[in-house]
Amino acid sequence: MTENEFDKLWQQAEVEGYSQRLVAEYPGWRRKQQRTISMVAASLAVVVLVVLVLVAQLQQPQDFEKVYCNRVGTTDAQWASLAAEILME
């Protein structure tokens with residue numbers, strides 16, 4: 001047997017050892033990868049949901065139907081129009 005043949009056989013035995021180890025460890029690695037992907041997807045879904053709720057709340061028109069003031073002579077409509085003017089500026 002030449003040195004070249006010996007090296008080839010040695011490398012082949014090494015590759016078989018690595019491949020057996022990879023085959024044995026693959027199911028555990030795959031479960032861990034799927035668990036990580038699931039956690040990232042769930043976190044992303046929660047973030048998207050929170051952002052959508054906040055955006056929906058910001059887009060809803062905010063009508064102030066009641067105004068509370070200790071001045072008796074001013075109506076709610078006057079205060080509401082004043083507040084609308086202030087908010088528009």
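Author: A patch is made of residues with over 30% relative accessible area and no salt bridge, where like charges are joined within 9 Å and nonpolar side chains (Val, Leu, Ile, Met, Phe, Trp, Tyr) within 5 Å. This is a predicted model, in which local features need pLDDT of at least 70 and side-chain atom pairs count only at pLDDT 80 or more, while totals for chains, interfaces and linings use all residues. Residues are numbered from 1 along each chain as its sequence is written, and side-chain values use heavy atoms, with hydrogens and water left out.

Reader: What makes the nonpolar surface patch?

Author: M1, F6, L9 and W10 make a nonpolar surface patch of about 510 Å². Accessible areas come from the Shrake-Rupley method with a 1.4 Å probe, and for residues only the protein chains shown count as cover.

Reader: Why is W10 called exposed?

Author: Buried means under 20% relative accessible area, exposed over 50%, and partly exposed in between (1.4 Å probe, protein chains only). W10 has a relative accessible area of 55%, and is therefore exposed. W10 is found in helix α1; helices (H or I, at least four residues) and strands (E, at least two) are DSSP runs, numbered from the N terminus.

Reader: How many helices and strands are there in the protein chain?

Author: The protein chain has two helices and zero strands. Buried residues account for 0% of its 89 residues.

Reader: Why is the contact of E25 with R21 called a salt bridge?

Author: A salt bridge is a side-chain nitrogen of Lys or Arg within 4 Å of a carboxyl oxygen of Asp or Glu. The closest N and O atoms of E25 and R21 are 3.8 Å apart, so the pair qualifies. Both residues lie in helix α1, four residues apart, about one turn of the helix. A search of the whole structure finds one salt bridge.

Reader: Why is E25 called partly exposed?

Author: The relative accessibility of E25 is 46%, so E25 counts as partly exposed. R21 is also at 46% and counts as partly exposed.

Reader: Why is the aromatic pair of Y26 and W29 called tilted?

Author: The structure holds two aromatic pairs. In one of them, Y26 and W29 are 5.7 Å centre to centre, with 35 degrees between the planes. Rings of Phe, Tyr and Trp (its six-membered ring) pair if their centres lie within 6.5 Å; planes under 30 degrees apart count as stacked, over 60 as edge-to-face and the rest as tilted. The pair of Y26 and W29 is therefore tilted.
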